[in-house]
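Please read it alongside the sequence and the coordinates.

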Amino acid sequence: MAPVSVIESAKAGTLLAPLGTIVVSAIFIIFGCYALSGATLIRRLPLLSFGIYAIASVCIIRGILPIQLWIRHPDKVTSTVLIVGIVWLLVGLCYLFGYKAINGKRV
């Protein structure tokens with residue numbers, strides 16, 4: 001499911017594919033650190049509340065987009081894309097409700 005430019009970069013041996021992978025991996029590491037910090041398993045990170053809400057928002061939006069497209073145009077969405085969208089939605093909801101549960105805030 002990678003973009004064509006990344007696939008071509010990997011085949012050609014250019015730096016786009018490995019650098020893109022490093023950037024995406026770093027983003028996921030940051031997301032994980034904020035989740036662990038929000039769960040109080042590691043020290044409190046800067047801008048924790050903002051970070052958790054921003055990550056949750058991005059994940060929820062990323063999850064809703066393929067679902068709404070599937071509802072409107074089911075022929076344009078593969079089952080893999082739909083499942084990935086549902087997983088993103090669930091991850092975003094876990095960030096949101098998990099953080100609120102740990103901090104005792106109302107949803």
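## The loop between α2 and α3

Leu47 lies in the loop between α2 and α3, where helices (H or I, at least four residues) and strands (E, at least two) are DSSP runs numbered from the N terminus. This is a predicted model, in which local features need pLDDT of at least 70 and side-chain atom pairs count only at pLDDT 80 or more, while totals for chains, interfaces and linings use all residues. Residues are numbered from 1 along each chain as its sequence is written, and side-chain values use heavy atoms, with hydrogens and water left out.

Although Leu47 is not a glycine, its phi is positive, at about 55°. The residue is exposed, with a relative accessible area of 64%; here buried means under 20% relative accessible area, exposed over 50%, and partly exposed in between, with a 1.4 Å probe and protein chains only. Thr40 belongs to the loop between α2 and α3 (48-72), and Thr40 also has a positive phi, near 60°, in a residue other than glycine. With a relative accessible area of 57%, Thr40 is exposed.

Leu45, placed in the loop between α2 and α3, counts as buried at 18% relative accessibility. When its neighbours within four places in sequence are left aside, Leu45 is in contact (heavy atoms within 4.5 Å) with Cys33, Tyr34 and Ser37. Between Leu45 and Gly104, which are 59 residues apart along the chain, the C-alpha atoms are separated by 18 Å.

## Overall architecture

The secondary structure of the chain comes to 4 helices and 0 strands, and from the N terminus on the elements run α-α-α-α. The radius of gyration of the chain is 17 Å, well over the 13 Å that the globule rule gives for 107 residues, so the chain is more spread out than a compact globule; the radius is taken over C-alpha atoms, and the rule is 2.2 Å times the number of residues to the power 0.38. Taken along the principal axes, the box filled by the C-alpha atoms is roughly 50 × 35 × 15 Å.

Of the 107 residues in the chain, buried residues make up 23%. The chain exposes about 7400 Å², of which carbon and sulfur atoms supply 75%; accessible areas come from the Shrake-Rupley method with a 1.4 Å probe, and for residues only the protein chains shown count as cover. Among the contacts in the chain with a separation of 6 or more, 49% are accounted for by residues 24 or more positions apart.

## Aromatic pairs

The structure holds 3 aromatic pairs. The rings of Phe28 and Phe31 have their centres 6.4 Å apart and their planes at 85°, so this pair is edge-to-face. Under the criterion used, rings of Phe, Tyr and Trp (its six-membered ring) pair if their centres lie within 6.5 Å, and planes under 30 degrees apart count as stacked, over 60 as edge-to-face and the rest as tilted.

Phe28 and Phe31 are 3 residues apart in helix α2 (residues 16-38), and are therefore separated by about one helical turn. Phe28 is partly exposed, with a relative accessible area of 45%, whereas Phe31 is buried, with a relative accessible area of 17%. Ring pairs link Phe28, Phe31 and Trp88 into a cluster.

Ser9 is found in helix α1 and counts as buried at 4% relative accessibility. Leaving aside its neighbours within four places in sequence, Ser9 is in contact with Thr14, Leu15, Leu16 and Ala17.

One of these contacts, Leu15, is placed in the loop between α1 (4-12) and α2 and is exposed, with a relative accessible area of 59%. Together with Leu19 and Ile22, Leu15 forms a nonpolar patch on the surface, with about 320 Å² of accessible area for the three residues together. Patches are made of residues with over 30% relative accessible area and no salt bridge, like charges being joined within 9 Å and nonpolar side chains (Val, Leu, Ile, Met, Phe, Trp, Tyr) within 5 Å; a salt bridge is a side-chain nitrogen of Lys or Arg within 4 Å of a carboxyl oxygen of Asp or Glu.

## Helix α4

Ile86 is found in helix α4 (residues 79-103) and, at 37% relative accessibility, counts as partly exposed. Ile86 and Ile30 are 56 residues apart along the chain, and their C-alpha atoms are separated by 22 Å.
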